[in-house]
Amino acid sequence: MKKFAAVLAIMLVLVMTFSMTVSAGPDGIIENPEITVHYISPTVDGNIDPNEGWSVAALMNAETLGYYWAHNPLTSDGNIFYAVDANGIYVAGKVVEGLSAVDMSGIDVTGMNQFNYSTSEDTIDVNVTTGAKDYGWNGDVMGLMFDPLGAFLAEGFSSQSDYSAWYLVGLFEGDVAKVYRSHTANDGTNGDITSQVQAAGKKLSDGWCFEIMLPWDMIIQDIYDSSMGFIELKKEDILKPGATIRAGALYQDRFYDEEQGAVATWGRYITAPTSLPDGTPGHTGTGEAIQSYGIKLKLADDVPVNIEDGDNNGDTNGNTNNNNGSTNNGSTNNGTTNTNGNKKPTTSTNTNSNAAQTFDMGIVVALGALATSGLGIVVCKKRR
């Protein structure tokens, strides 16, 4: 009888957890269709010119996003564009803020949430376990993640605590774009990397936009470190015509909270797939882990077959790594510490915490994924 009562109690907890999980986001996700990416070198000046060869947009809207920590409704709409060349991957983004919305209490919150400049490194959502500044900056932040060739999944990095490096774009007063790197295996590489990339952006009347270029050498090294040396990619393989890159985009949306008299987190919204690799619905994962990347990029046939380091095969637009006036403020490799699940194989859930929220929806979502897996046990093909 005691054994039956114990089993019943466990089942009750799992059912309750699942019910909380589905409240964390929409009932389902319609993922972005595959996006063709061309071999082109856009000018990184903060002006997204459609004539420069950018891909069609990956959409960040109510249909394509998973909602995490988001008991506030989605009041933004984003478009993300991509391009590649021999030097790196180019990403441009435009976010419209302040869209009309009604919260769960029936209160009209239209206009409450507008774009917020960053003023420093993140002081709002510091990881309570490690002290890491996972989201980089303390204003609105766009995070970008990559899994070229699906190499992470192929190596078994598919638990809800496995991460690749995050590249976090924020905008400071004066329209200075800065990029922060987090979730890397080498703690010394977490921090401001603006001087190592190209970055530009500006505030718009209805939101903000940015353009960046991330060097392949950086991405390949970060992948090697994050995979504990299991994944050694070559640029010529990543850039083969028809090759695919799994990608994710995360929006850490901030607003000015009049009650607190300070900037707080409105919500976290992440492009997610319709289904996770294990077949469970995409919105039941933690969202930010490798398994949840919801954008699939496919390189067009115009990518040259032979890619040489630093050679754009005739590119003449003169792009240079000048950061378009962005300054580093001496914060490169600031030594911020960060511990992530994929640095030591484990199936533990994500420990990120949001100080501005009443509870960590990421943990709730992770528990819900366990509940949907049958017996609540997730088995990963993690190489050790």
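Modeller: What follows is a short exchange on how some labels were reached, bearing in mind that this is a predicted model.

Biologist: Why is Pro-33 called exposed?

Modeller: Pro-33 has a relative accessibility of 62%, and since exposed means over 50%, Pro-33 counts as exposed. Pro-33 belongs to the loop between helix H1 (2-22) and strand S1 (35-37), and its C-alpha is 9.9 Å from that of Pro-273, although 240 residues separate the two in sequence.

Biologist: What makes the pair of Phe-152 and Phe-157 edge-to-face?

Modeller: Rings pair if their centres lie within 6.5 Å, a rule that gives 12 aromatic pairs. The ring centres of Phe-152 and Phe-157 are 5.8 Å apart and the planes stand at 90°, which is over the 60 degrees required, so the pair is edge-to-face.

Biologist: How do you know that Phe-152 and Phe-157 are buried?

Modeller: Buried means under 20% relative accessible area; Phe-152 has 1% and Phe-157 has 0%, so Phe-152 counts as buried and Phe-157 does too.

Biologist: Why is Thr-284 called buried, and what does its side chain contact?

Modeller: Thr-284 sits in the loop between strand S13 (262-271) and strand S14 (295-299), and because its relative accessible area is 1%, against a limit of under 20%, Thr-284 is called buried. A polar atom of the Thr-284 side chain lies 2.6 Å from the backbone oxygen of Pro-281, which is within the 3.5 Å set for a polar contact.

Notes
Residues numbered from 1 in each chain as written. Predicted model: local features only at pLDDT ≥ 70, side-chain atom pairs only at ≥ 80, totals over all residues. Heavy atoms only, no water. Helix = DSSP H or I, 4+ residues; strand = E, 2+ residues; numbered from the N terminus. Buried < 20%, exposed > 50% of the residue type's maximum accessible area, 1.4 Å probe, protein only. Phe/Tyr/Trp six-rings, centres within 6.5 Å; stacked < 30°, edge-to-face > 60°. Polar contact = N/O pair within 3.5 Å; in protein donor to acceptor, adjacent residues only side chain to side chain.
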